Amino acid sequence: MQSSSETKKRSFESMMMMMMMNDASNLTPDQLDVFKVAMLQNTIAHIDSGARMIAIMIIKEVAISLKKQLSKKKLIIFLTPTRKHVEQQFNVLKENTDLLVDFYHGSKVTTVDEKKVDDWDAAIWENEINKNEAMVMTPIILLNALRNKFMKFEMICLLVIDECNLATGNHPYVSIMKEFYVKSVNKPKVFGMTASLETKKGVSSTGGCEAKITMLENILDSRVFYKFNPLIQTYFWNKKIDGKNMQICTIQKRTKQEDVKPPAAQKKSSKIAEEPASGAGTTKRKELHGTIPIRAVSGTWGDKVDDGVDVYAYKISFVCSVKDVKYSSFALLLESKLDDDVANHEMKLYLVSKFVNCKVSSSVKLHLDAEQVAKGKCFQDMFFNGIFARFLPKTDQKLWTPSYMYLLLPLESLDPFKISWTMIDSCVSAIEFVKKPSDSIPDKQNIDSLMTCSESTSMLNFANRSVHKDDVTNMVVLTIHTGKIYSILKVQQDANADSPFDGDTKKFPSFKDYFKQKYDIDLVYPKQNMVLLKQSHRAHNLLVDFNNEGILHGKKIKSESCKVNTDRQRYYARLPPELLIIIDARIDVVKPFYLLPSLMHRLESLMLASQLREQITGHMTDIHVSSSLILEAITTLRCNESFSMERLELLGDSVLKYAVSCDYYLRYPNEHEGQLSSGRSLQVCNSTLYNLGIGCRLQNYIRDMAFDPTRWAAPGQLPQRPCPCDHGVETIEVPIDAKYHNDDPKVLTGKCCDMGHRWLGSKTISDCVEALVGAYFVGGGLTGGLHCMKWLGISCDLDSSRVDEAIKIASLHSYTPKLDVIQSLEAKLGYEFVVKGLLLEAITHASDQDQQVGYNYQRLEFLGDSVLDLLITQHLFNKHNIDPGELTDLRSASVNNENFAYAAVRRNLHGYLQHHSTSLQTQISDYVTFVATSSTDTNSLQTKKSPKALGDLVESIAGAILIDTKLNLDEVWRIFEMLLTPIVTPDKLELPPLRELIEFCDSKGYFIKDKCRSIDDGVVAELKLQLEDALLVGEGTGPTRKVARGQAALKLLSQLEKQGILNKNHQDNNDGEIANKNIKESDTVRSKRTRFDPQPAADTIMKEESNSKTEIPVLKSIDSKKGVPRSSLYELCRIMQWPMPILTASEKKSRTLIEVGEGVDKRTAFNSFESHICLTIPSYGVIELTGDPRADKKSSFDSAALLMLYELQRRGMVKIE
């Protein structure tokens, strides 16, 4: 029997024979390489020539398999943009294949009644589809046929797209892919062709090339395959090693005599994939990944510790911000020794009205005998379960595992270090008492005598002993019937077990009846006073400050929806003392148990970060990156911590760009800027970084979910909220396989099952790669960043010998004729070049060909772009401790061609540009005049586009200084910090007008409608903003739609400012909020609204009746599924331009279970929520309603939204079908 590989080989050989028979044997090896890759994956062929012949080869190969599948109709579709090309390609297919083929464009008519294609009906299309195997057409013809359902997209097995570089904006290529390909279950193979992906030599394409590649790959769900330059070849090298599929892009130089091979420097060859995964590194794709065990919390000590165990003891102390509140110190006992920065750590935990400073410090190594280990486990078992779950000493559950083993024990004193064994022994005694058989209760005669004695001495009879009434306050007790731990508040002098029950008195007339019927307990002392107990509560996430004392994501929290409810009603329990076992533990020992889950979560996260650091750094002693910095690099925004990877990701992106740019500049001295930019883009693109991250197993380290204490359990603790695994993976690590990928937006990311599996966004992995590089750059400088890159699989050789070679080449430039120009520019820069030829190259434009020098500034511009990007990003990162979004805005405002061009004019550098272009000189003169007569604010400068050559000049000078100083970044920054001053700061940052308007409307719940129309010399844009009491209109004109909309937005912002709704002079105050003292009261209320999820309802379709003068919107259907009523109301408000409704939820609690909701939504719970909704309709008024009670807050929002929709229908403002 033949293997699949032999079959494929034979098929390929037969296909090659067919080619030879058709006189196609003269194809180059490069073109054959493209064919091989295209048969394995969706491919965009970017080659000089031969692409259409490759397409014919692919069509022939697909046709062979097509003829074998006779069950379903399949078609090969060839798309090309013009009628001429359609007919040409039809003739090529007809001559070179034996397929039944026809062509279709706007002039095509039927042979019978001469109907044009646009007038064809379903019957004609059905006939055409049935008689053909391949169809050549323009893309608009296919798009119309699909939209009219004349053709099913699932029929297509191969989609060939000619001139696919046109797939931008609203082109039919884009519409076909977005409307039909994305939604298709059985997607066809895609082969795109283009010869114009990047701009030609001599034209800057740094940003354009990157954007074009990314856009085409995403739209066409394909990967670009380069075969363009005979010296520089960019390949996707594919391998499958250790069962893992990986892919990486590399650039390799070759001569005409040798074949291209992967560079030897790629030591991460084991991370190279056989087939690339579609959508790798994108936000759309979600992937199932596992987690990695934390080695530091593992231990061999378990049930068999006859000889005892040696452990490392770490002291944990707590100091509350309220002086009178005391917490006992604890000891963390581990078998592993922690790294110093983990073992010595300080942090804050935030409670409702106070915070607690927690300090972990390393201590001594201890030896525990077998009895001490057993007692310590009993203490931990009883307290964690008694407080957060239910202590069940008689159960035989395996809650202590070698992979998760540590003890948390109370300390009698910190210095000297002493564990409170006396308290632990008392807990063990209580456990032993609970284990006693029930027949050990004294008989009735002894009970009566004891009762008489107790009444006369004011004693209370607890389960294990009697205590005077005056001594019970703050005692810690354990209930024998529920296994819960409480603390006693006081004695209930007016209540005993015969008193009426707190709950259902019809079912349970008294407490005595309740315990008999519920637990089959006959109370011995029903007449003695009951005690009032403070109930234990579930643990909370104390890592985030919701009361304005801390910082979330770099900004202080001021959102009303985030605040903890400090006025919530407290509930207490009343129990007979005989059901309580006294534990000789202080109340200050119980309190830390509410802090320990959050503390241990942070410590375990630091241990994980330290474990990753060991993997990256190894035994190197000259690079030290703190575990806290590593933790920041693997923590996403979803964790709601005071830190996240986004700031480091931004910095790491710049480091990667700089390192790869230097490497390519030095490695390929003869290649132009376009080729270098293309190679760099592929080397640092998200898909490449994703593959590198997967190869290093970074996905198992990423933290992507906020700490949930109900999903955390200490060793020996019962799970509070189990989440069984249903993913079908039996190991903690999930295999890298396409079956564990999902594009469904409904899939929730971050949530872990009990096996540690969770869904991650694919892009999160590439983001983590960048953040790790950023962390190592912060902690270890450029050396650290390069080391991390090398570990990941990106080897950048910045050896001094290569720099010397670059300097040697530049030293050959003849600079004598322009020595005066060079010396004058050096004086302005404040730097004298060692190699004058570098500066000459940096100021030479491509149009300056008078000396036939053969060089221009473009290569140095490529290098300088990355240098300034890194230096400015590093400056902003170090100087401003702001949230990632604001840091990104600062960098965008600082690192751009417009800003550099402005600096060039302001510092009078533009006169040194050596060029011979009349049009360029005119552009420069106009821009210089504009700068001289305009204000310096960002928005004013954006209205006039600068000549790109001016920004390029600044970047090329930076690149020249970098090479001349032998990669001395500090010296480059010394010069350019002065040239670029003033560098924008947070208080001076001005967002583009349209973005500022959109952000304002998003925060207030307003909607914008825009309308653009073309005029002779540009575009006119009209923006409408509906407020509660006014309609604002702004109109702008400009050469492009973007400029016109910006001008219109600027006018709307001015109107908002005049009305006192927006303060244009806003600045970040000390609380991190926007200072806005003149806002109307109604807007202040609106800022506290509960916002809707802007996702439209999946099953709700809205339309407007064309024959209605008032254009009453129609809701086709309303689904009561969670979230749908809110989304339907949101969509209605957007269409009608009504301000978003305000929702306010109120909570009602009950001591007993109550029924909440109706029908399928009926549930039983201890609390219910009701939501009040307020909708302001301009020129009409305000509608206010209160929804029905629901068991959770979001469901109560849906109830209120649904009632509002029906109320709007009753008032004739909407129709519901």
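Student: How many salt bridges does a search of the whole structure find?

Tutor: A salt bridge here is a side-chain nitrogen of Lys or Arg within 4 Å of a carboxyl oxygen of Asp or Glu, and a search of the whole structure finds 47 of them. Keep in mind that this is a predicted model, in which local features need pLDDT of at least 70 and side-chain atom pairs count only at pLDDT 80 or more, while totals for chains, interfaces and linings use all residues. Residues are numbered from 1 along each chain as its sequence is written, and side-chain values use heavy atoms, with hydrogens and water left out.

Student: Which residue forms a salt bridge with Asp 425, and where do the two partners lie?

Tutor: The partner of Asp 425 is Lys 375, and the closest N and O atoms are 3.0 Å apart. Asp 425 lies in helix α11 (residues 421-434) and Lys 375 in helix α10 (residues 370-388), so the pair ties together parts that are 50 residues apart in sequence. Helices and strands are DSSP runs numbered from the N terminus, helices being H or I with at least four residues and strands E with at least two.

Student: Is Glu 641, which forms a salt bridge with Arg 703, buried or exposed?

Tutor: Buried means under 20% relative accessible area, exposed over 50%, and partly exposed in between, using a 1.4 Å probe and protein chains only. Glu 641 and Arg 703 have a closest N to O distance of 3.0 Å, and both residues are buried.

Student: How far apart in helix α20 are Lys 763 and Asp 767?

Tutor: An α-helix has 3.6 residues a turn, so residues three or four places apart point the same way. Lys 763 and Asp 767 are four residues apart in helix α20 and thus separated by about one helical turn, and they form a salt bridge whose closest N and O atoms are 2.9 Å apart. Lys 763 is partly exposed, at 24% relative accessible area, whereas Asp 767 is buried, at 11%.

Student: Which strands does helix α20 lie across, and what is their order in the sheet?

Tutor: Strands of a sheet pair through backbone hydrogen bonds, either parallel or antiparallel; two strands count as paired if DSSP finds at least two bridges between them. The open sheet of three strands has the order β26-β10-β27, with antiparallel pairing, and its edge strands, β26 (741-742) and β27 (758-761), each pair on one side only. Two bridges join β10 (residues 286-289) to β26, with Lys 286 standing opposite Asn 742. Helix α20 (residues 762-792) lies across β10 and β27, at about 65° to β27, where axes are lines fitted to C-alpha atoms, for helices over the stretch in contact (heavy atoms within 4.5 Å), and angles run from 0 to 180 degrees between N-to-C directions.

Student: How many disulfides does a search of the whole structure find?

Tutor: A disulfide is a covalent bond between the sulfur atoms of two cysteines, taken here as a pair of cysteine sulfur atoms within 2.5 Å. The search finds zero. Cys 752 is accordingly in no disulfide, and the nearest cysteine sulfur, that of Cys 753, is 6.8 Å away. Cys 752 is partly exposed at 26% relative accessibility, while Cys 639 is buried at 2%.
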